[in-house]
Amino acid sequence: MEKTDYAYAVTAVRVRETRLLTSADLERLTEASSAGAVTEFLRTRGWQIPAGPLNIASVLRNELIETWDFLREIAPDISILDALILRKDYHNLKAAIKSSLAGIDIGTYFLSPGTVSQDLIRDAEKERDFSALPAPMHAVGEEAYDVLVRTGDGQLADIIIDRAALNDILAAAKRSGNPLLIRLQELFCTAADIKTAFRAARMHKNAEFLERAVSMVGKPDREKLIESAAAGEAALLTWLRQTEYAEGTALLATSPAAFEKWCDDKAVAMTEDVKYMFFGPEPLIAYYLAKEAEIKNLRILLTALENDLPFDHIRERMRRLYV
């Protein structure tokens, strides 16, 4: 597809970008007296805030769904962006299997938007037949379900699904052929592998466990990651200091949440040059990431307001913004 085919889509995105929250907006919102005051401000920015009792989680979820629906409407080929939301499909697969076996409503923990219909995932779990799911999800679903039924090992089921998700996400990014999307998903998948390796090192897991848990992303060097994590937390952190993730992983030992923020900020920084692009899918990719960062910041802010946390607690967790 020619980059010029995105001319209309990019124009539509540029108009939407004017409604994104700025750093000044967030600073102002940290001084809000209540969640209601925040949502009233969001209404002035075009957010759809339903009447009646305020359900913050629903408001944030619906805004992200509306963002994806907007992109799906304007994009010449929305499948190019699938890598951005594939992780939610695998989360939903995991939620369906584990919730059903635990006797919980399988839709309770579903995330949106996704590329696979939630009804399809529900039906697959209900019928114990995952063949209708797209490859490789159907094989992953069968394997994870079998493990849970036979062994009750929830951790192993998580590992099976999480590793498959990372492999599929990067494969989808590479199929898109878009360099920005590939770099972004390499960052996301690598960060997930590093967090897995770090948790495994803290729990003194061996190399056999890590071989199964770490994806095939391979960056940074997969074998070195496994070898150092199997040798313990200190060995892992020492090796990571020699990689391009040194700055972020230095935060792991004291605050895994800070490492996640570093990764999110790095992803947004990767999109800075996109502001000057007028063709191609890159502005659509950047806009979706910008909305995700915006929604994360609002979730942090609203949670802090509900729990009467100090403003410094809010500011240190805020993600970098695109605008």
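**Cavities, helices and loops**

Student: What volume does the largest cavity have?

Tutor: The largest cavity has a volume of about 40 Å³. On a 1 Å grid over the protein atoms alone, a cavity is a set of points where a 1.4 Å probe fits but cannot get out, whereas a pocket is an open set with protein on both sides within 12 Å along at least five of seven lines, and lining residues have an atom within 4 Å of a point. Grid points are joined across faces, edges and corners, and the volume is the space filled by probe spheres set on them. This is a predicted model, where local features need pLDDT of at least 70 and side-chain atom pairs count only at pLDDT 80 or more, while totals for chains, interfaces and linings use all residues. Residues are numbered from 1 along each chain as its sequence is written, and side-chain values use heavy atoms, with hydrogens and water left out.

Student: How many cavities of 30 Å³ or more does the search of the whole structure find?

Tutor: The search finds three cavities of 30 Å³ or more.

Student: Back to the largest cavity, which residues line it?

Tutor: The lining consists of Arg16, Arg19, Leu20, Arg45, Trp47, Glu63, Tyr287 and Lys291. By class, that makes three nonpolar, no polar and five charged residues, where Ala, Val, Leu, Ile, Met, Phe, Trp, Tyr, Cys and Pro count as nonpolar, Asp, Glu, Lys and Arg as charged, and the others, Gly among them, as polar.

Student: And the second largest pocket, which residues lie nearest its centre?

Tutor: Ser79, Asp82, Leu86, Ala172 and Arg175 lie nearest the centre, out of 15 lining residues, and the pocket holds about 180 Å³ of space. Helix 5 and helix 8 (154–176) are the elements that give two or more residues to this lining, with the largest share, four residues, coming from helix 8. Helices here are DSSP runs (H or I, at least four residues), and strands would be E runs of at least two, numbered from the N terminus. The lining of this pocket has eight nonpolar, three polar and four charged residues.

Student: Switching to packing, at what angle do the axes of helix 4 and helix 15 cross?

Tutor: They cross at roughly 175 degrees and come within 10 Å of each other, with axes taken as lines fitted to C-alpha atoms, for helices over the stretch in contact, and angles running from 0 to 180 degrees between N-to-C directions. Helix 4 and helix 15 are therefore roughly antiparallel, since angles over 145 degrees count as that, under 35 as roughly parallel, 65 to 115 as roughly perpendicular and the rest as oblique. The contact includes Leu60, Glu63 and Trp68 of helix 4 and Tyr287, Lys291 and Ile295 of helix 15, contact meaning heavy atoms within 4.5 Å. By class, this contact has twelve nonpolar, one polar and five charged residues.

Student: How far apart are the axes of helix 9 and helix 15?

Tutor: Helix 9 (residues 179–202) and helix 15 (residues 282–306) have axes 9 Å apart and pack at about 30 degrees, which makes them roughly parallel. Leu180, Leu181 and Leu184 of helix 9 meet Glu282, Ile285 and Leu289 of helix 15, a contact with five nonpolar, no polar and one charged residues.

Student: Which residues of helix 1 are buried?

Tutor: In helix 1 (residues 7–17), Ala9, Val10, Ala12, Val13, Arg14, Arg16 and Glu17 are buried, where buried means under 20% relative accessible area, exposed over 50% and partly exposed in between, with a 1.4 Å probe and protein chains only. Their cover includes helix 4 (56–74) and helix 15.

Student: Is Thr39 buried or exposed?

Tutor: Thr39, in helix 3 (residues 35–44), is buried at 4% relative accessible area. Leaving aside neighbours within four places in sequence, Thr39 is in contact with Ile49, Leu54 and Ile56.

Student: On the backbone, which residue does a cis peptide bond join to Pro113?

Tutor: That residue is Ser112, with omega about 0 degrees, and Pro113 sits in the loop between helix 5 and helix 6. A cis peptide bond also joins Ala135 and Pro136, again with omega about 0 degrees, and Pro136 lies in the loop between helix 6 and helix 7 (137–151).

Student: What is the phi of Arg128?

Tutor: Phi of Arg128 is positive, about 55 degrees, although Arg128 is not a glycine. Most residues other than glycine have a negative phi. Arg128 is in the loop between helix 6 and helix 7 and is partly exposed at 40% relative accessibility.
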